[in-house]
Amino acid sequence: MQRSLPDWKELGWFLPILLLCFYAAISQSWLVLYPLAILSSLGLLSAIGGVNLIFLLLLKHRDESFTRYYELIPFCGLALLAAAGELLILAQLKLLLFQALGIPL
């Protein structure tokens, strides 16, 4: 099994990127925050979509049965559609909870 990072010193390369993202977020500039919010939403959608794809392939017993990548396209589309639905349901539940508790939005 091969490690993603061979050494803890390799994490030092990510420190400048982390600091750049931190200072970009605390700048409170709309030029930075809007693209950051969009990228964050897309990252969450792809992470949940990836988990959905794994479950979908396992439920259909199709793991390790594909010969070409394009055969995965319908499953990826369904997984991303389910992820978008899950995120919309979570947002609706949050809205309902805030309204029930009387918390202004």
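Trainee: In what order do the elements of the chain run from the N terminus on?

Mentor: This is a predicted model, and in it the elements run α-α-α. The chain has three helices and zero strands.

Trainee: What makes the chain more spread out than a compact globule?

Mentor: Set its radius of gyration against the globule rule. The radius is 19 Å, whereas the rule gives 13 Å for 105 residues; 19 Å is well over that value, so the chain is more spread out than a compact globule. Its C-alpha atoms fill a box of roughly 50 × 50 × 25 Å along the principal axes.

Trainee: How many of the residues count as buried?

Mentor: The share is 9% of the 105 residues. To be counted there, a residue must have a relative accessible area under 20%. The accessible surface of the chain comes to about 9,300 Å², and 72% of that belongs to carbon and sulfur atoms.

Trainee: Why is Ser40 called partly exposed?

Mentor: Buried means under 20% and exposed means over 50%, with partly exposed in between. Ser40 has 49% relative accessibility, so it counts as partly exposed. Ser40 lies in helix α2, which covers residues 30-59. Its C-alpha atom is separated by 28 Å from that of Ala100, 60 residues apart along the chain.

Trainee: Why is Gln28 called exposed?

Mentor: The cut-off for exposed is over 50%. Gln28 has 59% relative accessibility, and therefore counts as exposed. Gln28 is found in the loop between α1 and α2. Its phi is near 60°, a positive value in a residue other than glycine.

Trainee: What makes His61 exposed?

Mentor: The reasoning uses the cut-off of over 50% once more. The relative accessible area of His61 is 66%, so His61 is exposed. His61 has its place in the loop between α2 and α3, and its phi is near 55°, again positive in a residue other than glycine.

Trainee: Where in the chain is confidence lowest, and where is it highest?

Mentor: Confidence is lowest in helix α1 (residues 14-26), at a mean pLDDT of 88, and highest in helix α3 (residues 73-101), at 95. For the chain, the mean pLDDT is 90, and 100% of the residues reach 70 or more.

How values were computed
Residues numbered from 1 in each chain as written. Predicted model: local features only at pLDDT ≥ 70, side-chain atom pairs only at ≥ 80, totals over all residues. Heavy atoms only, no water. pLDDT = per-residue confidence, 0-100. Helix = DSSP H or I, 4+ residues; strand = E, 2+ residues; numbered from the N terminus. Rg over C-alpha atoms; globule rule 2.2 N^0.38 Å. Buried < 20%, exposed > 50% of the residue type's maximum accessible area, 1.4 Å probe, protein only. Areas by Shrake-Rupley, 256 points an atom, 1.4 Å probe, with all protein chains shown as cover.
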